Amino acid sequence: MVLALPTDDILEQIDNYQTTKNQAQVTSVSQLRDVSPTDWAFEALRSLVERYGCIVGYPDRTFRGNRALSRYEFAAGLNACMQQMERLIAQSEAVTREDIEKLKRLMAEFETELSTLGARVDNLEGRIAFLEDHQFSTTTKLSGEVIFALGSIFNGQKNNGRDSIEQVPVLGNRTRIELSTSFTGKDLLYTRLATGNFPEFADIANTQQASLAFAQPDNNDVVVEVLNYNFPINDNITLWLEGAGGAFDDFTNTLSILDGDGGSGAISSFGTRNLVYYQGEGAGLALEGKMGSFGWSLGYLATDANNPETGNGLFNGAYGAIAQIGYYPNDKFAVAFAYGQGYNTFGIGENSRQFAQVVADSPIDTSHNTYALTMSWQLAEKFVLGAWGGYSNVRTLDSLVDSANDIYVSRGSSDVWYWAATLGFPDLFKEGNLGGIVVGMQPWQTNSTIRRNNGIRLGEDDTSFHIEAFYEYAITDNIKITPGVVVVTNPSNNTRNDALVIGALRTTFIF
């Protein structure tokens, strides 16, 4: 009776046999670490090894004699001995007639398995040859991500409560093609082509508080969105060269289980990661390293590094810089402190109604210093607590007097604060799923010495709470669907505006 095995089991056994066959042949049974002279099969093994050299063992020099053996595995071993005997006969070396007769009986008994084994090996070799002839590249891996998202603003007001935000459902996409190339096995040249048409809700809501992490308002025009190269300087330090589309989270650990860069995890930009990581983008240099349980990163990114006009370029235009030191004692707990500094890259200030009105919408140069703290703590197998917060001091570097448009902004500085607490539930109800809850305070301005048209200093913003919940369900390893909802109270830090409510249904395909 022939013992039938599932196809996957057969292929795995053949693969194990092929791997084992390629190991260095043992010349003495004493080389097998788990075989001793007291074993009942010791003499039989010694005969096979020393007379015919057709016992190899596993790559770690073990024989594993107590392990159960399938007929296919026995056939693989028999095939090895048969081939070795054929070589000995061809070389006119002694092979006893008794062993030949035993071999013939075994060959007849295992004829089906030997035939199947040979066919499987030939099939695998043919498939490998085909893949080698038709592979995309010997050095490059191609991957991609496509998001189809249905979303809408369900409630909200702007302009001091005078206007309701349009509530129009939309269906859009974000598409990324990624090329990961390695020349040495340790370096990585990363290229990302991207396109999409999912709108930026922040534009219609008149506040960055409505920004969704997967927005891609490119009208489906394909662009090279990211281009960078990193390689190790030594065992502990990696150098990053950001050619285009660089971001702080490329080389800095954001410590957020909800950070899926829009494709997974949180659906809002605020709920994805600490806002300090959004204060720089473009081209530049970075270093990333480790020191025992500590990790660190340093980076500089210029927004218009390729623009040769005055007030732009690598060092004369808008830029962001970051330095982070993190403590990672184990895989369950981590905490990091980050310092961000920049020129005309204080994007989180646009969340503030007053700051946005008098600075973000005016041609005034600003600088900022941001201090941020981030923590992640896995309290249980399926429960991760996260938290982050930050403080920014932003300065207007000059004043603006526009009599024609009745605009006046003075030099000065403002303090801006924000924080968030997150709950992550990995593998919720099923492996590969992720549940998430985010509760936080959108950036709000407190003390300020900046004066506007009437000469009065900017006052303290009203507080805007951010509440978000989502559930990411893995249909397969490559398809995930995520319903989520975001609520922002007092949008634009203005109590006159009704709460902003956004719903989204995101479907992500990974290939």
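Predicted model: local features only at pLDDT ≥ 70, side-chain atom pairs only at ≥ 80, totals over all residues.

Let me begin with Glu166, which forms a salt bridge with Lys158, the closest N and O atoms being 3.9 Å apart; by salt bridge I mean a side-chain nitrogen of Lys or Arg within 4 Å of a carboxyl oxygen of Asp or Glu. Residues are numbered from 1 along each chain as its sequence is written, and side-chain values use heavy atoms, with hydrogens and water left out.

Of the two partners, Lys158 is buried, with a relative accessible area of 15%, whereas Glu166 is partly exposed at 41%. Here buried means under 20% relative accessible area, exposed means over 50%, and partly exposed lies in between, for a 1.4 Å probe and protein chains only.

A search of the whole structure finds 11 salt bridges, and another of them joins Asp261 to Arg176, with the closest N and O atoms 3.0 Å apart. Asp261 sits in the loop between strand 8 (259–260) and strand 9 (264–265), and Arg176 in strand 4 (residues 170–181), so this pair ties together parts that are 85 residues apart in sequence. The helices (H or I, at least four residues) and strands (E, at least two) are DSSP runs, numbered from the N terminus. Arg176 is buried at 8%, while Asp261 is partly exposed at 27%.

In a further salt bridge, Arg273 meets Asp249 at 3.4 Å, N to O. Arg273 lies in the loop between helix 8 (269–272) and strand 10 (281–291), and Asp249 in helix 7 (residues 248–251), so parts 24 residues apart in sequence are tied together. Through shared partners, salt bridges join Arg176, Arg192, Glu225, Asp249, Asp259, Asp261 and Arg273 into one network.

Which residues have the most contacts inside the largest nonpolar core? They are Ile153, Phe198, Phe201, Phe214, Leu500 and Ile502, in a core of 17 residues; such a core is a set of buried Ala, Val, Leu, Ile, Met, Phe, Trp, Tyr and Cys residues joined through side-chain atoms within 4.5 Å. Strand 1 (140–155), helix 6 (201–205), strand 21 (479–488) and strand 22 (500–510) each supply at least two of its residues. A second, separate core of 15 residues includes Phe270, Leu275, Val276 and Ala338.
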